[in-house]
Every structure is written in structure tokens, then in C-alpha cells.
2 protein chains.
Amino acid sequence: MNGLSIKEVAKAANVNKETIRYYESRGLIPIPPRTESGYRIFPKETIKRINFIKHAQELDFTLEEIKKLLEAYDEEIVDLREIKEFTTQKIKEIEFKIRDLQNMKRVLFNLAEKCPDSKASIFECPLIQKFTEGGSK
Amino acid sequence: MNGLSIKEVAKAANVNKETIRYYESRGLIPIPPRTESGYRIFPKETIKRINFIKHAQELDFTLEEIKKLLEAYDEEIVDLREIKEFTTQKIKEIEFKIRDLQNMKRVLFNLAEKCPDSKASIFECPLIQKFTEGGSK
DNA sequence: CTTGACTCTGTATTCGGGGACAGGGTTTAT
DNA sequence: ATAAACCCTGTCCCCGAATACAGAGTCAAG
């Protein structure tokens, strides 16, 4: 009644079994109890946890970073200054990335919009050149 | 006088030699001429080209995508509808990503700001829970 | 009691994007 | 003419994040 097989978790969280075992080995999900014969039995929270992981991954958190967040989440008492440090650092990275993406978007947008609509020289789009100026970052 | 060694290019573009050879093998930079003894001689445009690649990489373009952009850049006459398609598609991806990052930033910001400043239960930050709701994406 | 679906462990492979290094040839300075 | 500093090709190794597979054990149905 209580406890899910690895397959049920995999299906519910929309990942495959190997991924779950992999997360276990990386310490991202708690080590689940086993049946007598050695089958893993997962609490249903595991599904939420995997959702969390997948969500954070989409935002370019590495598994290592996600592990940290989850550790904070797990320990009910935690030094929040540490996680605060971590998150504000991550926020900065995100802000950088957003700015870069907005730049890129502008460049692409101009490339798409300003250029003549059919066959023409790409050099009529002076914007592509902006890209080639200066060193990266 | 005209033409740079691989090391000069590497230094100027701030990558290392292997990377340049790798880009050549992937078709990202034109195949350079060689000296009689087989040493590559690069035109100085190669530096700009590598800058372009690095810049685009920071924005999560894959080398394959960058190759496409560069091909458009190389062929002076190109069907711009195709590249327009490509860029508008990419713009959409970027917009998605920006939205996701802004969400993430908000979540992290709240986590960092609203939580008590030192030791406390992380569950006093209800925001971390928002994270675990629903499916990914 | 056998078959099929499921699970286990462990190892290997993939993919992107390079880095490291071996074993050799070349160019430049001394 | 020899050492240092280059360059070449080729192959293997690294990381992150899985995925695949081999070989074995287990469980439920007929």
C-alpha cells in the first residue's frame, strides 16, 4: 500500500529507472528501504523530489548544485546564511545569463527582421558583424 | 607577414591549440593552407571567427548550430528565409529560457531574502515547496 | 513449474566539447 | 650540430548526465 516500485516512480516522474538509480548513487534522493529480496521501495515524496531535480536542471543547475539545495531542504535546521550565499551567487549568474540571452535575442531578431526577405547578401545585415568584434566576455 | 601560426591564433583568441584543430575538424573554421612542411597558416579572420564561436557558445548555442550560422555568414548569397526560420526558432527558445530563468531568480530571491537570517527551519521558507509541486516544465 | 515481467549489480557506451599525451618532424638560436 | 620551442597526427582520457546491456535473481499468473 505504501511504497512504490522503481518503475512506478519512474513513470510518475517521467524519467527512466536508471536515472533514479543514478540519482540515488549521486546522493540526490535518500537511500530507499528494500524488500527482503532487495527491491527498492520508494516513498511517494520521491516523485516530488525528482520533479524538483528536473525542474532545477532545466534552469541549468548542475546535479551537484541541486544536491546542495536538497540538502538544505532536507535538514530542517540549517545555516541559512550558507544557502543565502549560494542562492545570491546563483542569482547573479542567472542575471548575467539573462542579459546575454537578451543581447543574443536582439542580434538574432535584427538578423531575422532587418535583412531583406529573400535572396541577398548576408552582408546587408551589418549586425552579424557586431558579433565578431571583441573578445568573448 | 600575412598568416598566423596556430599558437598565435590560440593566444589571440584565448583558446588552446587543440581547440582550433578541433574546430577545423568540425568544419567551424575553413581549412587553412599549409607551409611546405605542413604547418597550418591562418588568416587573421580566424581570430574573429573563434571569438564568434565562443561568444555564441556562452549563449548555449551548440557547435552544430554555430556552424549553421557561420555557413550563412560565409556564403555571401544565401537564402535568408532559411536563416530567418532558424533565428526566429532560436529566439523562441531564448525567450522561454529567459522566462524560466526569471522564475528561478524570483524563487531564489525569495529564498534568500524572506528566510530568517541565521539558523532556522528551512520550512519557514514556504517558497522552496512551490518548487516541488507539479510536473517539470 | 514455466514464462514473462520485473528487479538487481556492475560495467560499458553515448554525446558534447574539448584536454592530454605519445612519437615523430621542423625551425631557430646558439 | 644540437637543444629549445614549435608543429604534426593519432589516440586516448576527462567531465556531466545519463543510457544500455549483460547476467542473474524474483514474483505473479496460468
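Helices (H or I, at least four residues) and strands (E, at least two) are DSSP runs, numbered from the N terminus. The model described here is predicted, so local features need pLDDT of at least 70 and side-chain atom pairs count only at pLDDT 80 or more, while totals for chains, interfaces and linings use all residues. Residues are numbered from 1 along each chain as its sequence is written, chains are lettered from A and ligands numbered from 1 in the order in which they are written, and side-chain values use heavy atoms, with hydrogens and water left out.

**DNA strand C**

DNA strand C is surrounded by 21 residues, a residue being near a strand if one of its heavy atoms lies within 4 Å of it. Among the closest are Arg40(A), Asn16(B) and Tyr39(B). Of the atoms of DNA strand C that come within 4 Å of the protein, 79% belong to sugar and phosphate.

**DNA strand D**

Around DNA strand D there are also 21 residues, and those that come nearest include Thr19(A), Ser37(A) and Arg40(B). Sugar and phosphate make up 79% of the atoms of DNA strand D within 4 Å of the protein. Here H2(A) gives the most to the surface, with five residues.

**Contacts with phosphate oxygens**

| Residue | DNA strand | Distance |
|---|---|---|
| Tyr23(B) | DNA strand C | 2.8 Å |
| Lys54(B) | DNA strand C | 2.9 Å |
| Gln57(B) | DNA strand C | 2.4 Å |
| Thr19(A) | DNA strand D | 2.6 Å |
| Tyr23(A) | DNA strand D | 2.9 Å |
| Lys54(A) | DNA strand D | 3.0 Å |

**Two helices of chain B**

The axes of H3(B) and H4(B), which spans residues 63-74, come within 10 Å and cross at roughly 135°. Axes are lines fitted to C-alpha atoms, for helices over the stretch in contact, and angles run from 0 to 180 degrees between N-to-C directions. H3(B) is therefore oblique to H4(B), since angles under 35 degrees count as roughly parallel, over 145 as roughly antiparallel, 65 to 115 as roughly perpendicular and the rest as oblique. Contact means heavy atoms within 4.5 Å; the residues involved include Phe52(B) and Ile53(B) of H3(B) and Leu69(B) and Leu70(B) of H4(B). Eight residues of this contact are nonpolar, one is polar and two are charged.

Definitions and conventions:
Polar contact = N/O pair within 3.5 Å; in protein donor to acceptor, adjacent residues only side chain to side chain. Nonpolar A, V, L, I, M, F, W, Y, C, P; charged D, E, K, R; others polar.
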